[in-house]
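Hi,

Here is the structure I promised to pass on. Have a look at it first, and then read on for what turned up.

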Amino acid sequence: MPSASAAATASPNIALIKYWGNRDEALRLPSNGSISLTLAGLTCRTAVSFEADLPADVLTVNGAMETPAGTERVSRHLDLIRAQAGLRLPARVESQTDFPAATGLASSAAAFAALTLAAASAAGLDLPPRELSRLARRGSGSACRSIFGGYVEWRASDSDAQSIAEPLAPPDHWHLVDVVAIVSADPKAIGSTEGHRLAATSPLQASRVADAPRRLSLCREAILRRDFEGLAAVCELDSNWMHAVMLTSRPALIYWLPATLAVMHAVAELRRSGVPVFYTIDAGPNVHCLTPVEAHAAVAERLRAVVGVRQLLLAHPGGPAVLV
Ligand code: PMV
């Protein structure tokens, strides 16, 4: 084996067209395709070393031992990579993030993208990005998109080999800024793995999935033409539709806090006053406000004044997962 240890970095991504619900839960094959933007300036760095004298896999996140459930999820992911490499050694995994985990900032996307790349490399596998994307998807669906930089599309498919992400446009194609309004940094009560299971209990999920090809094509076209208004319309619709599914699931999943709604109103108000901006919200209370780079200072100034906004993070289009 050329190397028994490696480290990689990856960034989270914000879903512009959301993945919510699986057609195959074990393989994490999504009910519908999705499109995202990889976010620079928020990073997860993961180091993996396979060591013969470890009794079992060990995982630390930001210097603290991970919970048994978290470690188990990572172990199962490492098993896929070990099986592919014909390796049986336990691993030491050390992960560091520079953004709050478990707040709908897709920390699992960055974490599993970095883990997949670092572990594959440490195991001596030299895999092309599409294969890394397939593997990352097994850890956390949205992680398959964080293997790539810029604007990325993950195609829905019944096939494990075909359900992978691919780049739509590089980061410098269109300089949008994601002004993330943090309204809570608390870990969420219901994670997305559980949430995906609930999607099918909503009477609105079937129509959301059936309409997904139309929204994907509107989103793809808007990105390729840099049509901000077109992108804003389809992304807000898509985010609202996913949250409508969550709100109408059994039991209902309510990720929004009062300040989430306050930010949504502030965004609508900004737009009425001529500032180009739209919101999109993943599985958490924080609000991603996307705006062309020229307008981001005006957006940040207004959002800072919204009661309940604790912090603003600014993220620019980011690059792919890389070995470090
Ligand atoms: O990859 P997961 O299981 O964390 O699910 C991500 C779900 C959303 O963030 C809500 C949507 C998406 O496409 O990223």
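At roughly what angle do the axes of helix H1 (residues 68-85) and helix H2 (residues 107-122) cross? The answer is roughly 40 degrees, and the two axes come within 10 Å. Keep in mind that this is a predicted model.

Let me stay with the helices for a bit. Two packed helices are described by the angle between their axes and the distance between the axes. Angles under 35 degrees would count as roughly parallel, and H1 and H2 cross at roughly 40 degrees, so they are oblique to each other. Their crossing is right-handed. On the H1 side, the contact is made by Arg73, Val74, His77, Leu78 and Ile81, and H2 brings Phe112, Leu115, Thr116, Ala119 and Ala120. Sorted by class, that contact of H1 with H2 has seven nonpolar residues, two polar ones and one charged one.

H2 also meets helix H3 (residues 129-139), with axes that come within 9 Å and cross at roughly 125 degrees. H2 and H3 are therefore oblique to each other, and H2 passes H3 in a right-handed crossing. Here H2 uses Phe112, Ala113, Thr116, Leu117 and Ala120, while H3 supplies Leu132, Leu135, Ala136 and Gly139. The contact of H2 with H3 comes out as seven nonpolar, two polar and no charged residues.

That leaves H1 and H3, whose axes come within 9 Å and cross at roughly 150 degrees. That makes H1 roughly antiparallel to H3, because an angle over 145 degrees counts that way. The crossing of H1 and H3 is right-handed. Arg73, His77, Leu80, Ile81 and Gln84 of H1 touch Glu131, Arg134, Leu135, Ala136, Arg138 and Gly139 of H3. By class, the contact of H1 with H3 splits into four nonpolar, three polar and four charged residues.

Now for a couple of strand residues. Is Ser34 buried or exposed? Ser34 sits in strand E5 (residues 34-40), and with 0% relative accessibility Ser34 counts as buried. Its side chain is joined to that of Arg145 by a polar contact of 2.8 Å. Setting aside neighbours within four places in sequence, Ser34 is in contact with Ile17, Lys18, Tyr19, Arg145, Val152, Glu153, Trp154 and Leu216.

Val58, in strand E7 (residues 58-61), is partly exposed at a relative accessible area of 24%. Again leaving out neighbours within four places in sequence, Val58 is in contact with Ala91, Arg92 and Val93. The C-alpha atoms of Val58 and Ser75 are separated by 8.7 Å, and these two residues are 17 apart along the chain.

Finally, some backbone details to look up. Which peptide bond is cis, with omega near -5 degrees? That is the bond from Arg250 to Pro251, and Pro251 lies in the loop between helix H8 (228-247) and helix H9 (258-272).

Arg28 has phi near 50 degrees, a positive value in a residue other than glycine. You will find Arg28 in the loop between strand E3 (22-24) and strand E4 (29-30), where Arg28 is buried with a relative accessible area of 12%. Asn62 has phi near 50 degrees as well, also a positive value in a residue other than glycine. Asn62 belongs to the loop between E7 and strand E8 (64-65), and at 40% relative accessibility Asn62 counts as partly exposed.

Cheers

Note on methods:
Residues numbered from 1 in each chain as written. Predicted model: local features only at pLDDT ≥ 70, side-chain atom pairs only at ≥ 80, totals over all residues. Heavy atoms only, no water. Axes fitted to C-alpha atoms, helices over the stretch in contact; angles between N-to-C directions. Helix = DSSP H or I, 4+ residues; strand = E, 2+ residues; numbered from the N terminus. Parallel < 35°, antiparallel > 145°, perpendicular 65-115°, else oblique. Left-handed = near helix turned anticlockwise from the far one by under 90°. Contact = heavy atoms within 4.5 Å. Nonpolar A, V, L, I, M, F, W, Y, C, P; charged D, E, K, R; others polar. Buried < 20%, exposed > 50% of the residue type's maximum accessible area, 1.4 Å probe, protein only. Polar contact = N/O pair within 3.5 Å; in protein donor to acceptor, adjacent residues only side chain to side chain.
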